[in-house]
Amino acid sequence: MKLETFFEKFEQFAEAPNAVAKMRELVLQLAVQGKLVEQSPNDGSATDLIERSINERNRLVKEKRIRNSQSITPVSEFKTAGSLPKSWAWTTLAEISLINPRNDVEDDALATFIPMPGIPQNYRGPLDGEIRRWGEIKKSFTHFADGDIALAKITPCFQNGKSAVFRGLKNGIGAGTTELHVARPVGGPVLPEYVWIFLKSPLFIAEGIPAMTGSAGQKRVPTGYFALKPFPLPPLAEQKRIVAKVDELMALCDRLETQQQERETRHAALARASLARFADAPTPENLNSLFHPSYAIAPADLRKTILTLAVQGKLVPPILDENTSYDAWSSNNTITKKVMSIPALPNGWSSAPLVSITAEIVDCPHSTPKWTEYGKICIRTTQFRPGRLDLSTPRYVSEETYTERIQRLRPQEDYILYSREGGILGVACRVPPNVELCLGQRMMLIRSGEKMIPPFLELILNSPFITDIARRETTGGAAPRVNVATVKAYPIPIPPLAEQHQIVAKVDQLMALVDQLEMQLMASRTAAVNLMEAVVAELTVQN
């Protein structure tokens, strides 16, 4: 497949995550592999350019116009991007340029000062600097001049591709952040913009990451990697064609990205309208419309909508022949009055604090159990999923620890486990049947009372109505948690028991459909990713 065909078939890859970003990476990688433009026998050989650069450097050193190259410590053995076209040659930036040169300028001269935020991350992104007197910036900063190429060496700027070709500096000179490596070509063997393409290529960045040194958060690309990494040099005429082609394709990527953003904005409006239609009439047909090929609401958002409609009594026809009057608010305490309010309820529904409609609410031990290689399963909050307990990665405790922990808390089928703190705050799931469990820390055990079936209570506790309260009322700063008293005061809407059964059945039906549609969506995106990776592999395959 030709690169042009790849761009023409963009719609087939658009579902892949970061599709346009991957297209940009592909363009850059093909450029430095000699696969972006045709080679011409009239271009000459890159070897001649290297020789010319070396001769020019020797002449300038002999005339004492530049200093001889400083000693650069090499890093571990480099990999290369594979074989090169016949007219190309391997070299290094240290061989064809000055590394981290210094400017010799009068102190009163004006120059451009560029801090790290002024170094662009995007290809051809603009520089952002300010004019200062050279005497103010010549010390303790990195020097550069028009035509120099710079690479941000510190994490995460290096990984993000921050680099630049300096053009339009005041009086042609500048200084800036010390977190730059700078190369100044000697003898004209290379276009600075071609070097820029190389520095932004995925392989250069990928191989540079493990070469970085220093402590976490302060890692830097060593000078040896920047200066001595094998550099693929084409003839000068081909460099010009490569730079022009990269500019053309990057502009096309920009247009595709803009079109994609505009399309996503339109689709978001259509999705909101579809979601509103589903909220008014939550039928499987209207649910299916939310997964239109051109727009799809995130399944997580759709599940929240279903749960919200369920606790508002909008999923099934009301049942009005049962008296659900439940005067439990006489037990209101300060927390209940301060925090809790319940929206208007359908006819036939009532409400009560959680503690009033449960047979038991118990806070679990706060100590971490001693884990064993095998034994009895002890539940962790990391296994909680809304409406499901994940037992695929169990941890075990000894028989003795198990016995100690179930003396006060013996979880049984359909008891509800509730996480009241940590990263999964506000998640409820029922204890599955036919399994012996004990409970870890940072969770509560809730047993539903006679006025509410356990699946419906689990549904309410996982609904945005309750989870929003939980997150709003957290304490603890870096380790957020909701107090037991607040959990007990949650306002719980109570439909008739028969309606609870119908709501649970309806939610199960709709959630199953969401699961099915989510799998289809994932399959579509996976197919797009696989197709894109296959085409990229075909285009970048090594000779």
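**View A. Arg-430 and Asp-414 meet in a salt bridge.** Their side chains come to 3.1 Å, N to O. A salt bridge here is a side-chain nitrogen of Lys or Arg within 4 Å of a carboxyl oxygen of Asp or Glu. Arg-430 belongs to strand 18 (residues 428–430), while Asp-414 sits in the loop between helix 14 (399–406) and strand 17 (416–419), so the contact ties together parts that are 16 residues apart in sequence. Helices (H or I, at least four residues) and strands (E, at least two) are DSSP runs, numbered from the N terminus. Arg-430 is partly exposed, at 26% relative accessible area. Asp-414 is partly exposed too, at 28%. Buried means under 20% relative accessible area, exposed over 50%, and partly exposed in between (1.4 Å probe, protein chains only).

The model is predicted: local features need pLDDT of at least 70, side-chain atom pairs count only at pLDDT 80 or more, and totals for chains, interfaces and linings use all residues. Residues are numbered from 1 along each chain as its sequence is written, and side-chain values use heavy atoms, with hydrogens and water left out.

**View B. Arg-24 and Glu-257 form a salt bridge.** Their closest N and O atoms are 2.9 Å apart. Arg-24 lies in helix 3 (residues 19–32) and Glu-257 in helix 10 (residues 236–280), so the pair ties together parts that are 233 residues apart in sequence. Glu-257 is partly exposed, at 29% relative accessibility. Asp-254 joins Arg-24 and Glu-257 in a network of salt bridges. By the same rule, the count of salt bridges comes to 23.

**View C. Arg-59 forms a salt bridge with Glu-63.** The closest N and O atoms are 3.0 Å apart. Both partners are shown with their accessibility. Arg-59 is partly exposed, at 34% relative accessibility. Glu-63 also counts as partly exposed, at 41%.

**View D. Strand 8 (residues 173–176) is covered on both faces.** In a regular strand, side chains alternate between the two faces of the sheet. On one side of strand 8, Ile-173 and Ala-175 are buried. On the other, Gly-174 and Gly-176 are buried as well.

**View E. Strand 8 pairs with strand 3 and with strand 5.** Two strands pair if DSSP finds at least two bridges between them. Strand 3 (residues 110–114) runs parallel to strand 8, over three bridges. Here Thr-112 has Gly-174 as its bridge partner. Strand 5 (residues 142–145) runs antiparallel to strand 8, joined by four bridges. Ala-145 stands opposite Ile-173 of strand 8.
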